[in-house]
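Please read this briefing alongside the sequence and the model. The notes are grouped by topic.

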Amino acid sequence: MKQALTLLVCLFSFYNLAQAQGSIKGNVLDAENQAALYANVVLHSAKDSSMVKGGITDENGDFQLLNVPFDQYYLQVSYVGFAPYLSPNFALNTSEKTFETITLQPLNAELGEVTVVAQRPILEMKPDKMVMNVDKTINATGENALSLLRKSPGVVIDNNENVTLLGKSGVQVYIDGKPSPLSGNDLATFLKTLQSDQIDAIEIITNPSAKYDAEGNAGIVNIRMKKDSRLGANANLNLNYSIGQNAQYNGTITGNYRNKKINTFGSYTYFDGISQNYINFHKEQAGLGFDSEMNMFNYWEGHSAKFGTDFYLNDKHTVGFLVNGFTEENSFESENNTFLSTLDIAGTDSVLVAQSNSVGTGKNLNTNLNYVFNIGEGTKLNVDLDYGIYRYTNSGMQPNAYMNSTKTIKLSEINFATETPTNIDIASVKADYETPLFNGQFGTGVKVTNIVTDNTFDFYNVVEDAQFLDEDRSNNFVYTEQVNAIYANYSGKVKKVSYQAGLRVEQTQSEGDLTAYKPVNDENVKRSYTDFFPSLSLSYALNDNHNFQASYSRRINRPNYEDLNPFEEKLDALTSEQGNAFLNPEYTNKFEIRHSFKYMLNTTLSYSKTNDVIARILAPDMNNEQATFITWLNIAEQDFYSLNISAPVPITKWWSSFQSFTAYYLHNQAMYENGNVDIEAKAINVYSQHTFRLPYDISLEVSGWYSSPSIWEGNFATEAMWAMDAGIQKKILKERGNIKLAISDIFRTQEWNGTTELGGMYMNMWGGWDSRRFKVNFSYLFGNEKVKNRNRKTGLESETQRIKSDK
């Protein structure tokens, strides 16, 4: 990486080569001298009134337009409920022009003055992403990050709580713009600790640029946390309670103190609850029939906290630190009754009663040191140092009893227990540099990440309440991985064409070391590979109404850490699972074409080709004709076509809506020893949200989604799902308090169903969870209202995405 650092230093000294261009900045306030949040700012040419650049104000009303060629212009600012602002013509002939504070005047109606409160829409379509503003939706009340993802357009959470986007797996989850190192159940557990009152927005990025980590071939889902923007000492209280079949509740207190030299912030959350779900299946294999009914309960209680401080040394230098983490205790209970029969003979032969009980803990601590050097003229250097640890423990008991058909006589018994501690350590160093260059913006950066995950699996046979270690089924798997990355990105504009081109290079070195109690089962797999990930985007502004964009990117999806563990794990007497140490990463090439009409109606057509698709395969166990074997394989290839149409649709002054429609075609093909896979699906996703602004500061919201039959996990054909939510809110206590009431899955329709046929096995599975819930939220704001707060991000979140275990 020495060459990369040398390049970064050279580019740092090269920024002053930008010529004949400058920047325009200013601040926009409303009539009450409050910041005009998210006002539209458009720069027009004085010659022909054509649009040159556009942007929006931030949470403090500030805006900045970079890389503007020297010329004659005028500025237009528009904001809901206020008269548009038009500046006089001016000449940009210096490196920076700053507007004096722009104060907007309210519109007046004929029948008297009408006050219109400007708000962010619940869903926004931006050039590179779709944004769901969680803070503005009533139906987010009492939810956590995982359940909110279920409500996001195009996002599906399957029965194993894995995240898919538009029917594709390989989604990378980011927190505040940085990738998470967790995956699978660990990611789901972490997302459940993030409560809706802590989340500002969810961003869906389907074709990321080279600046982002290349991980995640289906795209990126970025969960943006709330940032306090108030001066002095402030606090906010949020209390949530929800009830379905079981109760769940949480409370959060956040605090912030800020002056011109320091910003100290923190939060604490307590969460407690019970979740319930069920899975049933019918399986036919080797002339036998299996009908299973499983009910599961998860109990959890935990705490999460965050504390950080930013020090504003002067106008150019800012340093800060951030510490956050969580601790959780959980337990799991399930009862599974599997009825065994002979297909050509009526009646049940026997019943397998499998009960499972486990207790576990989860602890996480992340630390971040950050330095920002604002050099000026749009040039900035950002450096992050991160270290994170994850500690999980789980102790499980699995009794399996074969009973007669009436469950009155025990025929045989097989009991076992497991101890599965997991330790994960992640360290990263990241530097990003941006500067104007010629007539565009240049960015480059480097990142080095080192990950060590240590998984122990101890399997015990239980005989008369005594536990005996089974050395044939016990092991320790240590996986280490280092990824060295460097990227360069350049964006600019030539007349009506905007462009962005980038290249990211990632070198990966990994080692998976399996140590069994019996050395004959030891296994070691080392890998080293370098990949290139180009990205390209072109935008053409035909006029103020029509904008076209074409983009391309190459992405990677590396296997989850535990999916590489080659040791066999017994889930119950008839089901076993084994990782695959020789899994290859997936690689995806993705193309998108988008048309935007008045920056509202967006139509996107995309195609992606994925090689070495990683899929979870269920097949007959070659060593036991009655059993099912689960493993992870690289199936040959996947073709994916999609069409998305979405837009905000205003209906009346008091009724607004957002509509999103996606149609896609998915085709999976594979050949392997237990059978062939050739499955395709033509599917649609529909999302609709309606907001009604009623008198007396009351808002009503109704939203719903529908997913048609599709494909899950490579070889499962799934049936349709849909749901509808509703909620109401009212501001109280001089508008500092807010109370929300909501109900999710009103008609209790969030039930999944899927079938698969492979290697002589047929299986139909279906299930659901405690999805219909009544929710109550109360929030109260203490302190002052507005002041700019730095949007702190860390460099660690990409790697947390891939940690997976059965906690």
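A charge sits over a ring if NZ of Lys or CZ of Arg is within 6 Å of the ring centre and within 35 degrees of the ring normal. By that rule, the charged end of K283 sits over the ring of F290, 4.5 Å from its centre. This is a predicted model, in which local features need pLDDT of at least 70 and side-chain atom pairs count only at pLDDT 80 or more, while totals for chains, interfaces and linings use all residues. Residues are numbered from 1 along each chain as its sequence is written, and side-chain values use heavy atoms, with hydrogens and water left out.

**Overall make-up**
- The chain holds three helices and 49 strands, both taken as DSSP runs numbered from the N terminus (helices H or I, at least four residues; strands E, at least two).
- Of the 807 residues in the chain, 53% are buried, where buried means under 20% relative accessible area, exposed over 50% and partly exposed in between, with a 1.4 Å probe and protein chains only.
- Among contacts (heavy atoms within 4.5 Å) with a separation of 6 or more, 68% join residues 24 or more positions apart.

**Nonpolar cores**
- A nonpolar core is a set of buried Ala, Val, Leu, Ile, Met, Phe, Trp, Tyr and Cys residues joined through side-chain atoms within 4.5 Å.
- The largest core has 45 residues, of which L191, L194, I199, I202, I223, M763 and M765 touch the most other members.
- A second, separate core of 20 residues includes A36, A39, V52 and Y73.

**Aromatic pairs**
- Rings of Phe, Tyr and Trp (its six-membered ring) pair if their centres lie within 6.5 Å, and planes under 30 degrees apart count as stacked, over 60 as edge-to-face and the rest as tilted; the count comes to 15 aromatic pairs.
- The rings of Y73 and F90 have centres 6.3 Å apart and planes at 45°, so this pair is tilted.
- Y73 belongs to strand 5 (residues 71–78) and F90 to strand 7 (residues 90–92), so the pair ties together parts that are 17 residues apart in sequence.
- Y73 is buried at 3% relative accessibility, and F90 is buried at 9%.
- The rings of F640 and Y664, with centres 5.3 Å apart and planes at 25°, form a stacked pair.
- Y73, F90 and F99 form one aromatic cluster, and the charged end of K97 sits over the ring of F90, 5.1 Å from its centre.

**Backbone at a loop**
- K495, although not a glycine, has a positive phi of about 55°, and lies in the loop between strand 31 (475–494) and strand 32 (497–516).
- K495 is exposed, with a relative accessible area of 78%.
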